[in-house]
Amino acid sequence: MYIQINHISKAFQKKGQNVLHDISFGVKKGSLTALLGPSGSGKTTLLRILAGLETATSGNASIDGHAIESVAPQNRGIGFVFQNYALFRYLNVYQNIAFGLKTQHQPANEIKKRVTELLKLTGLTDLENRYPNQLSGGQKQRVAFARAIAPHPKVLFLDEPFAALDKQIRQELRIWLKRLIHQLGITSIFVTHDHEEAIETADEIVVMNEGYVKQIGTPNEIYNQPNCQFVAEFIGRSSVLSSPNLAGFMLPEKPFVTQIRPERVQVLKKDESTTTPGTLESATVKDVVFRGATTTVTLDLHGQSLLANRSSLKPGLVIGEHVSVLIEQLVLFKQDTSTLKKNQSPATTAAPLKSYAIN
Amino acid sequence: MQKVSNRLVPGYRLGLSITFVGLLLIVVIPFCSLLVQGLDVGFKKFWLQATNDRVLASYAVSLKGALLAALINALLGLILAWVLTFYQFPGRQLLDYLLDLPFALPTAVAGIALAYLFSNKGWLGRLAAPMHVQISYTFSGIVIAMVFVTIPFVVREVQPVLEQLDSTYQEAALTLGARPWTVFRKIIFPEILPALISGFGLAFARSIGEYGSIIFIAGNQPFKTEITPLMIMFQLEAHSYTGATVIALVMLVFSFCFIFAIHALQRHVQRQKG
Amino acid sequence: MQLFQSKKIKWPLVLIAWGFMIILLILPIALVITQAFSTGFSHYLTVLASPNTLHAINLTIAATVVSVFVNLIIGVSAAWIIAFHDFPGKRLLNTLIDLPFSVSPVIAGLIFILTFSRTGWFYPVLQSLNIQIIFAPPAIFLATIFVTFPFVARELIPVLEARGREEEQTAAFLGANLKDIFMQITFPAIKTPLLTGMVLATARAMGEFGAVAVVSGNIPGKTLTLPLLVQSLYDQFKFPDAFAVATILLIFTFLIVFLQRLLIGPKQFQKG
C-alpha cells in the first residue's frame with residue numbers, strides 16, 4: 001500500500017491507558033481516505049503520528065515504501081492542513097502559498113509559476129496580496145490547502161479541515177475539495193467526526209472508536225453493512241431494537257440486537273399498501289416530526305421505538321394512530337462473549353428481503 | 001521511534017542552553033550562595049541575629065509602614081481608578097500619564113525629592129512645621145515614600161475591572177430605588193475586591209523590600225525609623241555577612257509566606273463569588 | 001455611570017485625586033527641577049560636566065545597555081522554549097524567571113556579594129585571574145542584569161502562549177529553519193511586547209539603586225552610577241548638585257514614559 005500502517009500503538013504517559021491500540025491498515029495510492037470517529041477515538045493522534053507531530057509508543061509506518069521513523073517530519077513529503085489553517089498572519093496569501101517552495105530554495109520564477117497556478121486552481125487569484133485577517137473562513141481554507149500542496153507533496157493530510165466553517169460553506173467546500181484532490185490524484189487522508197462528510201467525500205472510510213479501528217470500507221459498505229453496533233449507530237440515523245419479535249425475519253435465540261435504518265421502514269396507514277414484498281408488523285404512531293421533504297415518524301413497535309421516514313407528500317399521520325409497518329431490511333448483532341457478529345435471516349414468505357452475511 | 005514530537009519547531013537545544021546557563025549564572029548560583037551561607041550559620045546564632053532588638057524594631061517599622069501604605073493605597077488607588085474611569089475633569093489625561101511615573105522614576109530621585117519636599121525647609125514640610133508636625137525623618141515620611149512608589153499597583157489593577165463593569169446590574173439597582181452607596185457596597189465592591197486584594201498584596205510586598213525611595217526620608221534613627229533592608233545594608237558595611245544573610249533570609253521567608261497567604265485569600269474570595 | 005455622576009459625589013473625589021496628583025507627583029518633580037537650578041544655570045552645567053558625573057553617566061548607560069541586551073537574549077530564548085516546546089520543569093522555570101521580581105533590591109545585591117566575596121565560591125578562580133568583581137563595574141552589571149531579568153520574558157511569554165504554536169509548527173513542517181521561522185513568522189508577532197519589555201527593563205536598569213548600592217563600593221569616578229552619585233551628593237549636603245544629577249535621570253524617565261505610551265497606549269502599563 002502507498003501508506004502502510006503497522007501495529008501502531010500509543011500510550012498515555014500518565015494514565016497507562018492507550019490512545020491507540022495496535023492500528024494496522026493501508027491506504028491505496030490516489031485514494032481519499034477518511035479517518036472517522038467521535039472525539040477521543042484517536043483519529044487525530046494517528047494522523048499526527050504519521051505526520052511526525054507526535055510519536056507512537058510502538059509500531060511503524062511507511063509512505064511510498066519509505067519508513068517514516070528514519071525521516072524527519074519535514075522530509076516525509078507530507079502536506080498538512082491544520083484544523084485552524086495556521087496561516088502565517090504576517091505574510092500575505094502569495095507568501096503563504098510560496099512558503100514551502102522558498103524553503104526548498106526554488107528559483108523565484110519557478111515559485112511564481114507554481115503559486116500563480118495554485119491561485120488559479122483554488123480560485124484565489126484576486127486575493128494574492130491580502131492578509132489572512134482579510135479573508136473569509138472558506139478562503140483561508142483554500143489558502144491552507146494551496147500552501148500544503150505547493151511543494152508537490154506525496155501525500156496530503158487534513159485535520160478536520162471543515163470543522164471551523166459554517167454549514168453552507170462546509171458543504172460547498174467538501175465537494176470542491178473532493179473534486180480537486182481527485183483531479184490532482186494526490187493520496188489523501190482526512191480526519192473528521194462528521195459521518196455525513198465522510199460518506200460524501202471519501203473513497204474509503206476508516207471508522208475508529210476509543211483507539212481501535214472498527215471498520216474499513218467504502219461509504220456504501222460502512223453505511224449498509226456495519227460490522228458492529230458502534231459503526232451502525234455512529235453512521236446515519238437508525239433505530240436499535242433489542243431482541244424484537246419480527247415475523248419477517250429468521251432471528252436467533254435471544255438476546256440479540258437489530259439496527260434498522262429509517263429509510264428502510266415503510267409506514268402504511270389502514271388504507272395504504274405497498275408493492276414491496278415482505279411481512280408487515282403492527283405499530284402505533286408515537287410522534288411525527290416534519291422535516292421538510294421527509295417526515296420522521298416515531299413508532300411504537302412491540303414496546304420499542306422505531307424510526308421511519310415517510311414522504312411529506314403522503315397523507316399525514318396522527319399520534320396514536322395504528323399503522324402497518326414494513327421493515328425492508330435490518331442489521332443483526334448477536335453478541336458472543338467477546339466478538340460482535342452480525343447475522344441476518346432472509347424473510348420466510350414471498351418477500352425477497354436482502355441479507356448480508358458479514359465478518 | 002525517534003523523539004520528534006514537540007521538537008518539530010527548531011531551537012529547543014539552543015534556547016534551553018541559553019536559558020539554563022543564564023538562569024544558573026544570574027539567579028540560581030547567587031541565590032544558592034545565600035542559602036548556603038544561611039545554613040552555615042547554625043540555628044542558635046541565626047536566631048540571635050534575627051531577633052536582635054534593633055532588627056526587631058526594623059521589622060516593626062517595615063511591617064507597620066507597609067501595611068499602612070498598602071491600606072492607604074487601597075483606598076486612594078480605588079478613588080484614583082474610579083475617577084479616571086468614570087469622570088471627565090480637567091487634568092484627567094495628565095493624571096493618567098503621571099501614574100506611570102512611579103514605575104519608571106529611579107527610586108533615588110524619588111527618595112531625595114520626597115525627603116526634601118517634606119523636610120522642614122521643603123515646600124510641604126514648611127506648612128506642617130508651625131503645627132509642630134514633622135514629616136521627613138519620621139515614620140510618616142516612610143509611609144509617604146511607600147505610598148508614592150506603590151500607588152500605581154492598585155490603580156492599574158482596579159482600573160481594568162472598573163472599565164469592564166457591566167452596567168446593567170447598576171441600572172437594575174437604580175430602577176429598584178437603591179442609593180449610590182448601596183449600589184457601590186453591594187454590587188460594585190465585590191467585583192473589584194479581587195483586584196484590590198491583588199493590588200494590596202503587590203503594594204505591600206514592594207513596600208517591605210523598597211530601599212532607595214525610603215532611606216532619604218526616613219532619617220534612619222535606630223529603633224525608630226530604620227527599615228529592614230537598611231539593617232541588611234548596615235551589616236554589610238560592617239562586613240558581617242552572616243548578619244546580612246540572616247536578615248535577608250527572614251525577609252525571604254516572610255515574603256514567601258505572604259505571597260502564599262494572599263493567593264489563599266484571593267482563592268477564598270473567588271470561591272465566594274461563585 | 002449616571003448613578004455616580006452627581007456633583008456631591010464627583011467633585012470631592014476629583015479633588016482628592018487632584019490633591020494626590022499635586023502633592024505626590026507634580027510637586028516632587030517640580031522640586032527636583034527648581035532645586036537643580038537654584039544656584040544658577042552655570043553651576044548646573046558645571047555639575048553636569050564634571051568628571052564624576054560624566055563617568056556616572058557612562059557607567060549607568062553601560063550597565064543599562066549590557067543588562068537589557070543580556071536579558072533580551074535570555075528572555076527570547078526562555079519564551080521560545082516555553083511557548084513552543086514541552087519539557088519537565090516548565091513551572092519551575094517560570095518561577096525562577098520571576099524570582100528577581102519578588103526580591104528586595106538590597107537582597108539582590110547581597111547574593112552577588114556572597115557569591116564573589118572572599119568566602120564565596122568563585123574567589124580563588126577570580127583571584128588567580130586577577131579579575132575584580134565586587135566593588136567594581138562587573139558586579140554592577142551583574143546586579144543590574146539580575147533585577148531586570150524577568151522583564152522581557154514576562155512580556156513575551158503570555159503573548160506567545162496565547163498565540164499558540166501552530167504557525168511555527170507549520171513553518172517547520174514546510175521545511176523552514178530557525179532563522180526563517182523567527183524572522184518571518186514569530187518576530188512580527190512579538191515586536192510590541194519585545195519593545196515593551198526592553199523599555200521596562202531600561203527604566204529599571206537606569207534607576208536601580210539598592211542592589212547596585214550594595215555591590216558597588218561607592219568609589220567616586222569608578223563605581224558610582226547616576227543614582228549612587230545622587231545619593232553621594234545628597235549625603236554631602238550638596239543639594240543643588242544632587243538634584244542637578246537627578247534631572248539627568250528625570251529626562252530619561254520622561255523619555256521612557258513617552259516611549260511606553262507610544263508602544264502600549266494608555267492605561268495598560270501595570271508592571272513593577
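**Exercise 1. Find the order of the strands β1, β2, β4 and β5 in the open sheet of chain A, and say how they pair.**

Step 1. Read across the sheet: the four strands lie in the order β2-β1-β4-β5 of chain A, and the pairing is antiparallel. Strands here are DSSP runs of E with at least two residues, helices are runs of H or I with at least four, and both are numbered from the N terminus. Two strands pair if DSSP finds at least two bridges between them.

Step 2. Look at the edges. β2 (18–27) and β5 (66–67) of chain A each have a single partner strand, so one side of each is left without a neighbour in the sheet.

Step 3. Zoom in on one pair. Strand β1 (residues 3–11) of chain A is joined to β2(A) by six bridges, and the two run antiparallel. Opposite I8(A) you will find I23(A), in β2(A).

A word about the model before you go on: it is predicted, so local features need pLDDT of at least 70 and side-chain atom pairs count only at pLDDT 80 or more, while totals for chains, interfaces and linings use all residues. Residues are numbered from 1 along each chain as its sequence is written, and chains are lettered from A and ligands numbered from 1 in the order in which they are written.

**Exercise 2. Describe chain A and chain C in turn: how many helices and strands does each have?**

Step 1. Chain A has eight helices and 19 strands. Its C-alpha trace spans about 75 × 45 × 35 Å along the principal axes.

Step 2. Chain C has 13 helices and zero strands. For its C-alpha trace, the spans along the principal axes are about 75 × 70 × 30 Å.

Step 3. A residue is buried if 20 or more other C-beta atoms, placed from the backbone, lie within 10 Å of its own, exposed if 12 or fewer, and partly exposed in between. Of the 359 residues in chain A, 41% are buried; for the 272 residues of chain C, the share is 49%.

**Exercise 3. Work out which elements of chain C touch chain A.**

Step 1. Count the contacts: 15 residues of chain C meet 16 residues of chain A. Contact requires C-beta atoms, placed from the backbone, within 7 Å.

Step 2. Name the elements. α9 (166–173) and α10 (178–207) of chain C each give two or more residues to this side. The largest share, seven residues, comes from α9(C).

Step 3. Sort the residues of this side of chain C: eight are nonpolar, four polar and three charged. Nonpolar covers Ala, Val, Leu, Ile, Met, Phe, Trp, Tyr, Cys and Pro; charged covers Asp, Glu, Lys and Arg; the others, Gly among them, are polar.

Note on methods:
Contact = placed C-beta atoms within 7 Å.
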